Amino acid sequence: MRRSFKKLFIAMLAVALVAVVSPVEAETLRLLTWGGYAPKEVIEQFEKETGIEVKMTKSNNEDMISKLKATGGSGFDLAQPSQDRITSAQADFDIYKPIDLSKIDASQIIPSMLAATKKNTSLDGKVYGVPHVWGTSGLVVNRKMAGQIKDYVDLCGPGLTGKVTYRLKRPTLIGFAFSMGEDPFAAYSDKAKYEMILDKVEKKLIDCKPNVKAYWSGGDAMLNLMRSGEAVAAMAWDAGGWKLNKDMADITFVAPKSGALGWIDTFALPRKTKAEEAAYKWINFVMRPEIAGKITSSAGNFTAAKGGDQYVADKLKAQFQESFPPADVDNIKWYPPVPPGLEEIEGKVLDRVKAAQ
Amino acid sequence: MPENSNVTFDLECRQVTKSFGDFTAVDQVSFQIPTGSFFSILGPSGCGKTTLLRMLAGFQHPDKGEILIKGKSVLGTPPNRRPVNMVFQHLALFPTMSVTGNIAYGLKRRNVKREEIRTRVADVLKRVDLPDAGDKRIDQLSGGQKQRIAIARCLVLKPDVLLLDEPLGALDLKLREQMKVELKLLQETFGTTFIYITHDQSEALVMSDQVAVMNQGRFEQVGTPQELYYHPETSFVAGFVGDSNRWEGHIDAIEGERIQIKTVEGESFVGRSIVKHQLKKGDSVEVYVRPESVNIENPKNRSDLPNQCRGEVISVLFDGARSQFLIRLPQTEGEISVAMPQTGEHAQLRKGDSINIAWAADQCLCFRRSSGNHDG
Amino acid sequence: MDKSSYTRFSLWILLLPFVLWLLLLILLPHVDMVSISLRERVSARNYTFSFKNYTEFFIEPLYWRTFVRTAWMSVLATLITLLIAFPVSYYIAKMMRGRLKALLFILCLIPFWVSELVRTYGWMILLRETGLLSTFLQWIGLSDQPVEMLYNDVAIMIGLVYTSMLFMVVPLVTTLDSLDDSLIEAGYDLGGSNWNVLTEIIIPHAMPGIVSGCIVVFMLSLGNYLTPILLGGKDSLWFTEQIFTQFITRFNWEQGSAFGILLLILSSLIVWAGLKLSRQSFTNVMS
Ligand SMILES: Nc1ncnc2c1ncn2[C@@H]1O[C@H](COP(=O)(O)OP(=O)(O)O)[C@@H](O)[C@H]1O
Ligand SMILES: [Mg+2]
């Protein structure tokens with residue numbers, strides 16, 4: 001008994017030592033990012049060029065914030081939250097570090113996107129994010145089986161019992177609000193108004209529940225449901241729709257009538273990043289047009305890199321054009337930064353929707 | 001009632017046989033037990049006693065044969081409906097119940113009224129001399145007390161037959177001696193028929209009215225303890241019940257009941273044959289002589305017993321009432337045990353002394369030598 | 001130092017690693033959780049002491065109902081597991097001998113060689129609309145269209161029972177194994193029916209195993225996350241999911257901690273009530 005405790009103790013000590021010692025050993029970049037944003041090929045090329053080892057952790061918006069919150073902003077050297085989720089998290093938890101824009105090669109980035117992201121990720125005059133990958137979320141529809149679906153509310157239409165799937169997350173609330181004729185983004189600053197809108201959405205989502213096959217949480221679960229035909233329409237990202245479209249021509253991404261929701265994933269520095277220089281090197285590296293092209297091919301979404309799309313396969317471009325006629329591009333609703341406090345209200349709405357029978 | 005309504009047998013077995021695969025554990029066993037008697041089955045470990053008892057209790061089904069209780073076949077009756085109860089080898093008292101709970105268990109199964117259960121439990125506890133043990137847990141009882149509760153638990157149900165499977169096996173020697181007497185007294189006061197199995201001959205001899213000696217699945221002999229001891233019918237019984245000196249040899253001559261035997265070692269004995277063995281001259285035989293039937297001869301006053309030897313005391317085995325001399329017969333180097341008379345006579349004999357010994361022809365039992373069929 | 005205080009001292013030295021482990025890995029995190037659960041966010045990076053996170057649980061019917069539902073489903077899962085595991089364990093412990101017994105026991109273990117996630121996905125493959133069972137039902141003609149068996153309470157129950165089976169079978173087999181066959185025979189011999197023997201002899205003997213199995217299964221079900229989420233789908237409503245949501249997607253550690261503490265307290269209360277009802281003591285069950 002005692003011996004095994006001793007072993008355990010020594011093992012724990014060893015683990016602690018390794019954890020303390022290892023970061024100084026070789027230069028590594030610990031990247032907290034989305035699936036597809038750092039393909040193997042790109043990592044290998046970066047490692048060859050710079051000698052910096054890249055350790056990639058797949059994540060999503062909430063997970064990134066949780067992880068960084070838990071450590072007070074350490075454990076990772078570079079994160080990729082969506083631009084609208086940065087300021088509120090920074091205000092509440094102080095997990096990021098301002099970006100030194102002088103170290104970013106701005107000439108590689110589409111100016112309008114850089115400007116928009118700078119504006120949206122500023123807090124107290126400091127900039128916390130630069131743009132990387134952008135895309136939209138909207139509808140993924142099996143056109144043969146549910147061609148009538150043109151907007152989010154159509155998911156709740158007749159004849160679709162147990163046939164649709166979406167997430168129980170804030171984009172669903174926002175999307176439904178728009179398709180019900182409201183402008184939730186305009187109400188961001190007016191809490192009362194916003195709550196009223198969410199009330200309406202809540203009722204709609206509860207009424208809609210019989211149509212829901214499952215609330216998906218991982219992208220793969222959604223892809224499976226659509227591919228097997230168990231679901232005929234989903235609220236999802238454009239890239240997912242195009243991925244399905246490659247194998248099954250009937251399924252594709254549809255920009256909803258009320259507008260697809262546009263998001264931009266950024267680069268942000270965790271407050272206790274240990275490899276800041278490496279992080280800037282990575283940012284400038286992946287913004288090179290040919291690297292950006294590779295990332296687009298792997299993630300399925302376009303980047304903010306100037307000239308990046310010329311390295312993208314024609315198929316994806318065609319899919320994009322099919323899903324987004326010019327008018328629809330203009331109609332994209334870009335997420336403004338979420339003011340603090342809104343997410344709590346949204347959380348309760350989502351809980352109630354989930355609990356409703 | 002069936003044809004034999006005048007029977008007073010509580011239990012009767014007819015040609016009961018039980019095999020496990022190729023192995024016959026109980027082989028054509030037949031016996032009858034009169035009401036109220038204490039019947040023991042005595043045999044070495046593995047001879048099939050437990051199997052036989054379990055067939056009586058209903059936990060095993062005979063392959064062949066018939067079991068009758070009070071004249072009625074019970075072969076179709078499951079264990080919980082047979083009018084017999086069993087005291088298990090390790091007693092099997094229910095540890096999750098109190099003493100009262102254990103004794104009341106069987107009564108409750110018979111839907112006896114609460115009031116009556118209480119009086120009957122109290123009554124039986126008094127009769128096994130543990131009137132205050134009712135509220136105790138089983139693990140608070142001593143070995144002997146457990147014994148009595150296990151018996152009380154069965155007797156309170158007034159079974160026709162009580163089966164006991166080596167219940168004293170787990171007790172230490174002193175307690176065992178004491179429980180032997182107690183069991184016999186209990187059986188007498190309750191008047192219930194007991195079937196008691198054991199491998200300990202002294203238990204069987206002390207308590208029983210009748211003893212069956214069992215060997216390799218068969219009954220060798222059924223009789224009173226005295227009959228078994230003094231008139232064994234097979235060499236197995238002669239060897240198993242009580243101590244014996246044993247020789248092998250062949251028959252030299254036969255004169256009526258008396259026969260002349262020559263042992264392998266070269267001794268000549270005069271013995272008696274069991275009538276049903278029908279020995280002939282030249283047959284191979286086994287000869288048994290009990291240590292206590294050998295006389296130590298007084299040199300001045302020699303008897304006229306037919307078997308006379310002179311030998312040397314090579315060892316004095318003192319064991320109180322069971323003390324023996326070990327004596328070597330010089331001409332053949334053979335040895336013989338002789339009981340030390342309890343009268344104090346010959347108590348001065350020491351190792352190396354020479355003495356004369358003698359025994360009667362009737363005390364020298366001859367059986368045909370073979371391991372199998374003794375009856376043929 | 002006299003002798004007794006010396007032995008007490010060495011006892012403490014021996015216990016030290018255990019006490020440290022208890023303190024550092026069990027107690028401290030909970031103390032931290034309690035302190036987090038007792039604060040309320042006023043504005044960014046500004047908190048005050050408050051019981052709001054606890055009152056929230058009782059005020060907001062959603063949380064309360066979710067807990068009651070989780071507890072109730074866990075109790076049900078425990079009972080179903082017991083009902084299935086008891087005959088299985090009895091069979092393994094009392095009817096089987098030697099190699100066959102070990103084999104059967106291993107058979108119960110096999111599902112636990114793969115992770116819970118894989119096991120749950122296995123059930124999803126079986127139960128989903130385009131899954132094996134649905135296809136089979138259509139094939140034998142019992143149904144003329146795909147049947148969805150996933151995403152309902154029955155699916156959750158199946159998953160929970162399946163996941164819990166081992167934790168019930170092991171203590172049951174162990175206690176039933178220790179039940180002397182002659183006690184069962186004595187039960188019959190004294191006139192008991194099958195039912196009497198079961199209720200008066202086998203179950204009282206197996207009670208410590210039953211209760212410890214039930215406690216483990218209940219706690220496992222209550223604390224399960226994957227199974228209810230994956231198999232229950234849109235209506236899973238599991239309390240651990242609520243805690244996860246508070247911590248991970250809402251970043252509301254205050255509420256999440258309060259829920260965690262409440263789960264600990266309420267489940268302990270339920271276990272305590274269960275022990276009282278079955279008249280077992282905790283030490284008795286765990287020894
Ligand atoms: N269920 C059984 N299966 C196979 N063999 C058995 C079984 N029960 C008993 N035997 C065998 O039958 C023989 C007699 O056993 P048993 O009746 O228990 O003997 P005893 O009680 O006289 O010691 C033994 O050799 C034993 O191995
Ligand atoms: Mg036996």
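View 1. D77(A) has 1% relative accessibility and counts as buried (under 20% relative accessible area; exposed means over 50% and partly exposed in between, with a 1.4 Å probe and protein chains only). The model is predicted: local features need pLDDT of at least 70, side-chain atom pairs count only at pLDDT 80 or more, and totals for chains, interfaces and linings use all residues. Residues are numbered from 1 along each chain as its sequence is written, chains are lettered from A and ligands numbered from 1 in the order in which they are written, and side-chain values use heavy atoms, with hydrogens and water left out. D77(A) forms a salt bridge with R30(A), at 2.9 Å from N to O (a side-chain nitrogen of Lys or Arg within 4 Å of a carboxyl oxygen of Asp or Glu). R30(A) belongs to strand β1 (residues 28-33) of chain A and D77(A) to the loop between α3 (61-71) and β3 (78-79), so the pair ties together parts 47 residues apart in sequence. Helices (H or I, at least four residues) and strands (E, at least two) are DSSP runs, numbered from the N terminus.

**View 2. The salt bridge between R85(A) and E62(A).** The closest N and O atoms of R85(A) and E62(A) are 3.2 Å apart. R85(A) sits in the loop between β3 and α4 (86-93) of chain A and E62(A) in helix α3 of chain A, so this pair ties together parts that are 23 residues apart in sequence. Both R85(A) and E62(A) are buried.

**View 3. The salt bridge between K103(A) and D100(A).** The two side chains meet at 3.9 Å, N to O. K103(A) is partly exposed at 33% relative accessibility, and D100(A) is also partly exposed, with a relative accessible area of 29%. Elsewhere, salt bridges that share partners join E62(A), R85(A), K169(A) and E343(A) into one network. Over all chains the count comes to 49 salt bridges.

**View 4. A positive surface patch on chain A.** The patch is formed by K58(A), R227(A), K243(A), K246(A) and K315(A). Patches are made of residues with over 30% relative accessible area and no salt bridge, like charges being joined within 9 Å and nonpolar side chains (Val, Leu, Ile, Met, Phe, Trp, Tyr) within 5 Å. Lys and Arg count as positive and Asp and Glu as negative, while His and the chain ends are not counted. K58(A) lies in strand β2 (residues 53-58) of chain A and is exposed, with a relative accessible area of 61%.

**View 5. The surroundings of F218(C).** F218(C) is part of helix α9 (residues 194-223) of chain C and is buried, at 6% relative accessible area. Beyond its neighbours within four places in sequence, F218(C) is in contact with A71(C), S74(C), V75(C), T78(C), S267(C), I270(C) and V271(C) (contact means heavy atoms within 4.5 Å). Chain C has 13 helices and 2 strands, and 45% of its 287 residues count as buried.

**View 6. Contacts between chains.** Among the 2 pairs of chains that touch, the most contacts are between chains A and C. No contact joins chain A and chain B, and their closest C-alpha atoms lie 32 Å apart.

Key: Areas by Shrake-Rupley, 256 points an atom, 1.4 Å probe, with all protein chains shown as cover. Charge placed at Lys NZ, Arg CZ, Asp CG, Glu CD.
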